[in-house]
Each structure stands twice: as structure tokens, then as C-alpha cells.
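Subject: Handover of a model and notes on it

Dear colleague,

I am passing on the structure that I have been working through, and I would be glad if you could read the notes below beside it.

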Amino acid sequence: MRVEVHVHGTILLRPGTSAEQMESAMRPLLDYIDEDSLAEVRSIHPDEPGITYDRRRRVIEICWTGDVGRSFRQLLAEALEALNAYCEEATPIDITYYHEDGRDEFDVIFVGPTPESVDRARRQRMMEDLQHVLAREFDGTEIAQVIELVNQMFDRHWESGRRPSSATPAETPTGAMRRKHLH
């Protein structure tokens with residue numbers, strides 16, 4: 001069964017990273033979507049650029065939608081994990097699956113140069129998400145209490161060695177219907 005997926009994110013690369021290194025790292029994904037190079041990757045939506053590598057700015061920009069099967073998530077994770085060696089900083093890559101029954105499923109994969117940078121990015125993303133959700137009902141003092149508790153949980157996980165790899169999905173709930181491609 002095929003499902004439409006949208007992948008979105010910007011990956012800042014280390015100086016000296018070559019197009020060949022990017023293509024090699026992204027090979028599992030390129031093979032899956034049957035493309036020979038990053039320059040050929042196009043979204044099924046003409047207003048989306050696909051996956052582009054800008055050597056001058058040292059970034060990979062991903063704004064791609066396609067129809068995928070069950071093995072897509074694992075292949076995307078492999079490709080993104082291979083990019084860790086070339087990343088300047090950690091960043092989230094957002095993935096949204098649009099199921100035919102109207103459900104949307106959200107996922108996040110983090111890429112980054114070190115486990116510590118990925119942990120900081122995951123933590124930062126979690127704090128931003130929590131603040132956004134909690135601000136609808138609670139004041140700043142109450143939100144700060146929750147943020148402190150979650151920070152303690154992250155610290156305990158780190159100290160105990162329970163660190164997800166950068167390609168481990170951030171646990172995200174499936175959501176109700178929403179508009180596609182809101183960036």
C-alpha cells in the first residue's frame with residue numbers, strides 16, 4: 001500500500017562537503033525513489049523544489065512529497081544517518097504521512113554531527129513543542145515547571161545511556177486531519 005509523504009528540513013553542512021559525498025550518503029533514498037542524483041529529485045507537487053544541494057550556502061534543502069511504501073521510513077533514516085558525518089549542526093527533519101483514510105501521521109528524524117548535538121536539538125524541539133501546546137491553557141510559571149521536569153527526564157536518559165540514535169524517530173502522535181504542506 002502506497003501513502004503520500006512530505007519530508008521537510010534544512011541541513012547545514014560542514015565546509016568542504018562535496019556533492020559526491022551528499023549523493024553517496026543519500027544513495028539509499030535516491031535508489032528507493034529511483035533517481036540517479038540529488039539534482040534529479042522532484043516532488044510530486046510542482047511548487048516544491050524536492051531535494052537540493054546548495055554548495056555555496058552549504059545546505060541540503062528538503063521539501064519533497066512523494067508516494068512511498070512501508071520501507072521508506074527505514075531507508076530515509078539510513079540516508080539521513082549517513083549525513084551525520086557531514087553536518088555542521090543538528091537539525092530536525094519533519095515527515096508527514098497522509099493516509100487515504102484522512103489520518104495524518106507525524107514523525108521527526110534528527111541529524112547532527114554528534115550525539116550531544118542531536119540530544120540538544122531533540123530537547124530544544126521538545127521544549128518548543130511543549131511551550132506551544134501548554135501556552136493555550138497555562139501561564140508561564142506553570143509551563144516553566146513542566147519544562148524543568150522534562151529537562152530532568154532528558155538528563156536522566158542521557159546519564160543512563162538511553163540515547164536514541166539521530167535516526168531514531170521522535171515519538172510523535174498521529175494527528176487528526178490537517179492541511180497539507182503547511183511550513
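Predicted model: local features only at pLDDT ≥ 70, side-chain atom pairs only at ≥ 80, totals over all residues.

Residues are numbered from 1 along each chain as its sequence is written, and side-chain values use heavy atoms, with hydrogens and water left out.

The whole chain

The secondary structure comes to five helices and six strands, where helices (H or I, at least four residues) and strands (E, at least two) are DSSP runs numbered from the N terminus. Along the sequence these elements follow the pattern β-α-α-β-β-α-β-β-α-α-β. Of the 183 residues, 43% count as buried, a term that stands for under 20% relative accessible area, with exposed meaning over 50% and partly exposed what lies in between (1.4 Å probe, protein chains only). The chain exposes about 10,500 Å², of which carbon and sulfur atoms supply 51%; accessible areas come from the Shrake-Rupley method with a 1.4 Å probe, and for residues only the protein chains shown count as cover. Among contacts (heavy atoms within 4.5 Å) between residues at least 6 apart in sequence, 67% join residues at least 24 apart.

Strands β1, β2 and β3

Strand β3 (59-68) is mostly covered, with eight of its ten residues buried. Ten bridges join β3 to strand β1 (residues 3-12), and these two run antiparallel; two strands are taken to pair if DSSP finds at least two bridges between them. Within this pairing, I11 stands opposite I60 of β3. Strand β3 also pairs with β2 in the antiparallel sense, over five bridges, and here the partner of D54 is V59.

The hairpin of β2 and β3 has four residues between the strands. R58, in the loop between these strands, has a positive phi of about 60° although it is not a glycine, and with a relative accessible area of 28% it is partly exposed. For context, most residues other than glycine have a negative phi.

Strands β4 and β5

Strand β5 (residues 104-111) is mostly covered as well, six of its eight residues being buried. Eight bridges join strand β4 (residues 91-98) to β5, the two running antiparallel, and the partner of Y98 in β5 is D104. These strands form a hairpin with five residues between them, and G102 in the turn has a positive phi of about 95°.

The loop between α2 and β2

D34 lies in the loop between α2 (27-32) and β2 (50-54), and this residue too has a positive phi of about 60° without being a glycine; it counts as exposed at 67% relative accessibility. D36 has its place in the loop between α2 and β2 and is exposed at 59% relative accessibility. Leaving aside residues up to four places away in sequence, D36 touches E23, R27 and L30. The C-alpha atoms of D36 and E23, which are 13 residues apart along the chain, are separated by 8.7 Å.

Helix α4

R123 is found in helix α4 (residues 115-134) and is buried, with a relative accessible area of 16%. Residues up to four places away in sequence not being counted, R123 touches N151, F154 and D155.

The second largest pocket

About 210 Å³ of space lies in the second largest pocket; a pocket here is an open set of points on a 1 Å grid over the protein atoms alone, where a 1.4 Å probe fits, with protein on both sides within 12 Å along at least five of seven lines, and lining residues have an atom within 4 Å of a point. The volume is the space filled by probe spheres set on the points, which are joined across faces, edges and corners. The lining consists of M1, V3, V68, G69, R70, F72, R73, Y97, H99 and E105, and its residues divide into five nonpolar, two polar and three charged. In that division Ala, Val, Leu, Ile, Met, Phe, Trp, Tyr, Cys and Pro count as nonpolar, Asp, Glu, Lys and Arg as charged, and the others, Gly among them, as polar.

With best regards
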